[in-house]
Amino acid sequence: MTDHEWDENDFPLAYFITFRTHGTWLHGDQRKSVERHGRNLYNSPRIPLDPLFSELMNRNMTTEPVVLDSKMRGIVDLAIRNVCDHRNYLLSALHVRTNHAHVVASAACHPKTVMNAFKANATRELREAGLVGDGQKVWSRGGSTRYLWRQESVERAIHYTLHGQGDDLPDF
């Protein structure tokens, strides 16, 4: 490895953060998922299709799944932007869909701290707007936090976030 390929930063250039709404992607369904205990390592196999497991996960849900409509997506978008402004995170890309959000942001802290701030502020704003009830779970547990150490990785994550999400959704 040459000097120009080595990165001595304490934190990556950015994080690619993804989190889903509650109940919209259950373990065992056809899309597959990762196990949070033990096997959740980079490139590890995903939990395969298992209709019985998926049905069990569905029966264990205590609140309804959350699908973000246009107004809710606008609130989540603004809530994430406000966290970035308040905490001095550099926001490079943001896209809120009906069942998940993708964020590319830079911060001098752990990515789970960043993701949890996004989820908490978005939940608070949705509750204050009267769009979700006090007992409603809004987000699934955890999320994906990828470290982006190289500029080309940041650029790919930005492009995917802004242009790789399928058809455009209605404006806020």
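**View 1. Leucine 91 stands opposite alanine 105 in strand 3.** The model shown is predicted: local features require pLDDT of at least 70 and side-chain atom pairs count only at pLDDT 80 or more, whereas totals for chains, interfaces and linings use all residues. Residues are numbered from 1 along each chain as its sequence is written, and side-chain values use heavy atoms, with hydrogens and water left out. Strand 2 and strand 3 (residues 100-106) pair in the antiparallel sense over six bridges; two strands are said to pair if DSSP finds at least two bridges between them. Strands (E, at least two residues) and helices (H or I, at least four) are DSSP runs numbered from the N terminus. Valine 96 is placed opposite alanine 101 in strand 3. Strand 2 and strand 3 make up a hairpin, with three residues between them.

**View 2. Four strands form an open antiparallel sheet in the order 2-3-1-4.** The edge strands, each pairing on one side only, are strand 2 (90-96) and strand 4 (144-148). On average, neighbouring strands of this sheet are turned by 15° against each other, direction ignored. Helix 2 packs on the sheet and touches strand 1, strand 2 and strand 3; its direction makes about 170° with that of strand 2. Axes are lines fitted to C-alpha atoms, for helices over the stretch in contact, and angles run from 0 to 180 degrees between N-to-C directions. Helix 4 (residues 151-163) lies across strand 1, strand 2, strand 3 and strand 4, and runs at about 30° to strand 2.

**View 3. Strand 3 is covered on both faces.** Seven of the seven residues of strand 3 are buried, so this strand is largely enclosed by the rest of the structure. Buried means under 20% relative accessible area, exposed over 50%, and partly exposed in between (1.4 Å probe, protein chains only). In a regular strand the side chains alternate between the two faces of the sheet. His100, His102, Val104 and Ser106 are buried on one side, and Ala101, Val103 and Ala105 on the other. Strand 1 and strand 3 run antiparallel and are joined by six bridges. Isoleucine 17 stands opposite valine 103 in strand 3.

**View 4. Helix 2 (residues 70-87) crosses helix 3 (residues 111-128) at roughly 130°, and their axes come within 8 Å.** This angle makes helix 2 oblique to helix 3; angles under 35 degrees count as roughly parallel, over 145 as roughly antiparallel, 65 to 115 as roughly perpendicular, and the rest as oblique. The contact (heavy atoms within 4.5 Å) involves residues of helix 2 including Met72, Ile75, Val76 and Arg87, and residues of helix 3 including Phe118, Glu125 and Leu126. The contact residues divide into 11 nonpolar, three polar and two charged. Ala, Val, Leu, Ile, Met, Phe, Trp, Tyr, Cys and Pro count as nonpolar, Asp, Glu, Lys and Arg as charged, and the others, Gly among them, as polar.

**View 5. Phenylalanine 11 lies in the segment before strand 1 (14-20).** With 35% relative accessibility, phenylalanine 11 counts as partly exposed. Leaving aside neighbours within four places in sequence, phenylalanine 11 is in contact with Ala107, Ala108, Cys109, His110 and Trp149. The C-alpha atoms of phenylalanine 11 and alanine 107 are separated by 7.7 Å, although the two residues are 96 residues apart along the chain.

**View 6. Glutamine 151 has its place in helix 4.** Glutamine 151 is partly exposed, with a relative accessible area of 44%. Its C-alpha atom is separated by 9.9 Å from that of proline 12, 139 residues apart along the chain.
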